[in-house]
Amino acid sequence: MPSELLEIPLAAVVCWVNFVTIDLFFGLPREGGVSGATAIAQEVEAGGGDLKGGTMMGNIVSSPDASAGTLLASCGVAVAGVPGGLFAALLVYIGNRICYDPGYAGTTGAVTATFIVYAFTLAGFSATSFIVGMVVAILTIQGLSHRHASRLLGRLWKWRT
Amino acid sequence: MIELLLCAGIAGYAALRVVLERNTMRKLPFLNVVSFAVAGAIVLIVPHPLAVLAAAAYFVGSTLESNAIASTWAGGGKKDE
């Protein structure tokens with residue numbers, strides 16, 4: 001039990017870095033993929049947040065992005081190893097097309113997460129820790145304070161451009 | 001077990017935030033957290049390869065619904081013809 005209590009926070013940090021890096025690399029804060037994402041961004045800004053960070057949050061809501069890819073790849077690795085993770089990447093790819101998203105952030109995030117999670121399982125970690133880790137990671141962005149999360153993402157985006 | 005409890009706890013917390021948040025657009029990121037937590041819980045409860053398909057189907061479906069709600073609320077998409 002104590003090992004799980006250490007594993008989950010570490011897994012959360014790894015998942016957070018993986019999905020934020022890939023989402024920023026694919027430029028999710030640049031513009032809303034659909035009109036709904038832009039509308040969410042405007043509401044987040046109206047609540048005292050950052051427009052660019054809000055746009056990234058709107059895009060995460062509107063289509064499976066790298067965070068969803070990380071979650072489903074962790075699930076895939078937990079039940080079926082690397083093939084399971086790659087199967088999850090295929091599902092994310094189909095999900096992106098269903099959600100009218102032309103990007104590849106979700107698929108890329110799922111593929112990188114598959115190998116990252118697999119590498120950690122070789123080091124003795126349990127893949128299920130990464131499932132919970134990703135849930136905790138998305139909680140910090142979408143579920144605690146939209147104002148602070150969007151400002152943080154906006155700052156990271158400014159730093160990237 | 002602790003993983004499942006954490007997922008369920010986060011799902012419950014985020015669901016409460018959805019109810020308490022009064023702005024419709026700002027409800028959606030909390031709903032997104034619920035989707036993540038429930039999709040994770042599906043695989044933690046049923047550790048079978050097909051559970052990944054079920055979790056992905058649930059997750060993509062709920063994301064598409066959020067997408068539709070947000071876009072409808074924003075006035076719908078523009079047809080480019």
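Q: What makes V34(B) count as buried?
A: V34(B) is found in helix α2 of chain B of this predicted model. V34(B) has 21 C-beta neighbours inside 10 Å. The cut-off for buried is 20 or more. The count of 21 meets that cut-off, so V34(B) counts as buried.

Q: Which residues does V34(B) touch, leaving out those up to four places away in sequence?
A: The contacts are A11(B), A14(B), A15(B) and V18(B). A contact needs C-beta atoms within 7 Å. G12(B) is 22 residues from V34(B) in sequence, and their C-alpha atoms are 7.7 Å apart.

Q: What is the order of elements in chain B?
A: From the N terminus on, the order is α-α-α. Chain B has three helices and zero strands. Among its contacts between residues at least 6 apart in sequence, 48% join residues at least 24 apart.

Q: Which element gives the most to the side of chain B that touches chain A?
A: The contact takes 42 residues from chain B and 44 residues from chain A. On the chain B side, α1 (2-20), α2 (24-45) and α3 (49-73) each give two or more residues. α3(B) gives the most, with 15 residues. By class, that side has 28 nonpolar, 11 polar and three charged residues.

Q: Why is α6(A) called largely enclosed by the rest of the structure?
A: Count its buried residues. They number 16 of 17, so α6(A) is largely enclosed.

Q: How do you know that the span of α6 of chain A is close to the expected one?
A: The helix covers residues 127-143 and reaches 23 Å from its first C-alpha to its last. At 1.5 Å a residue, 24 Å is expected. The two values are close.

Q: Why is Y100(A) called partly exposed?
A: Y100(A) has 14 C-beta neighbours inside 10 Å. Exposed needs 12 or fewer, and buried needs 20 or more. The count of 14 falls in between, so Y100(A) is partly exposed.

Technical notes. Residues are numbered from 1 along each chain as its sequence is written. Chains are lettered from A and ligands numbered from 1 in the order in which they are written. This is a predicted model: local features need pLDDT of at least 70, side-chain atom pairs count only at pLDDT 80 or more; totals for chains, interfaces and linings use all residues. Helices (H or I, at least four residues) and strands (E, at least two) are DSSP runs, numbered from the N terminus. The expected span of a helix is 1.5 Å times one less than its number of residues. Two residues are in contact if their C-beta atoms, placed from the backbone, lie within 7 Å. Ala, Val, Leu, Ile, Met, Phe, Trp, Tyr, Cys and Pro count as nonpolar, Asp, Glu, Lys and Arg as charged, and the others, Gly among them, as polar.
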